[in-house]
Amino acid sequence: MKIRYILLLVFPLIIASCCGTISKAKKAYTITETKPLKSNWKFNSKEWLLQKDTLIGKGGPMHWGVIESKKQLPENYQIDFKVNMTKESLFEVMLNIDKENYIRTYLYQIDQNIVIGRGVYKEGSNEYEKRGGPTLFKKPMKLENNKWYSVKIKVFNNQLFFSVDNETFLECSLEKSKLSQQGKLGFLTNGEAKIIDLTVKNIE
């Protein structure tokens, strides 16, 4: 328990040392406190909130709940977390958000697939053509509500690796697929999603 309290005290210092990126070498970004969440992420508190160590997103079919980091992702990075889609059908990790463009890496229950796609998100707009985007790669996977899934995303040398439960994998070249090669991180849900054990770290 003492180690846990020490980590909570050190966490704001880690965030302060990140400068313009979400993480630096040998330092991992995690979410464990509300204050750093508010200072480092852009979000509506009615859509995303932190309860103890769980980040909870709430949206709807007509208004997706979105949270976006204020800091840039490193050039090469790895993201690990566990997610539970407690309501509705879509949970999405928004990668390399650059202005209104981003990479869609998501779990989609209706089609029972994990997906990599090209995304567009215009803040505050619920118009169909100003959110989401086309699917580029997909792989079948049984997905259901109220079940925890382990997600791992890695971007290294412009190559994107996306896996769920270390069982289902997708991979693509950012350059060949004409996907955003730099930007920020975000999460999106059309229902309710819970995230725990989130870490974002720089890799070399």
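Are Phe81 and Phe91 buried or exposed? Phe81 is buried, and Phe91 is too; buried means under 20% relative accessible area, exposed over 50%, and partly exposed in between, with a 1.4 Å probe and protein chains only.

A word on the source. This is a predicted model, where local features need pLDDT of at least 70 and side-chain atom pairs count only at pLDDT 80 or more, while totals for chains, interfaces and linings use all residues. Residues are numbered from 1 along each chain as its sequence is written, and side-chain values use heavy atoms, leaving out hydrogens and water.

Next, the rings. There are six aromatic pairs: rings of Phe, Tyr and Trp (its six-membered ring) with centres within 6.5 Å, stacked if the planes are under 30 degrees apart, edge-to-face if over 60, and tilted for the rest. Trp41 and Phe187 are stacked, 6.1 Å centre to centre with 20° between the planes. Trp41 is in strand E2 and Phe187 in strand E15, so this pair ties together parts 146 residues apart in sequence. Phe81 and Phe91 are edge-to-face, at 5.9 Å and 70°. Ring pairs link Trp41, Trp48, Phe81, Phe91 and Phe187 into a cluster.

How values were computed:
Helix = DSSP H or I, 4+ residues; strand = E, 2+ residues; numbered from the N terminus.
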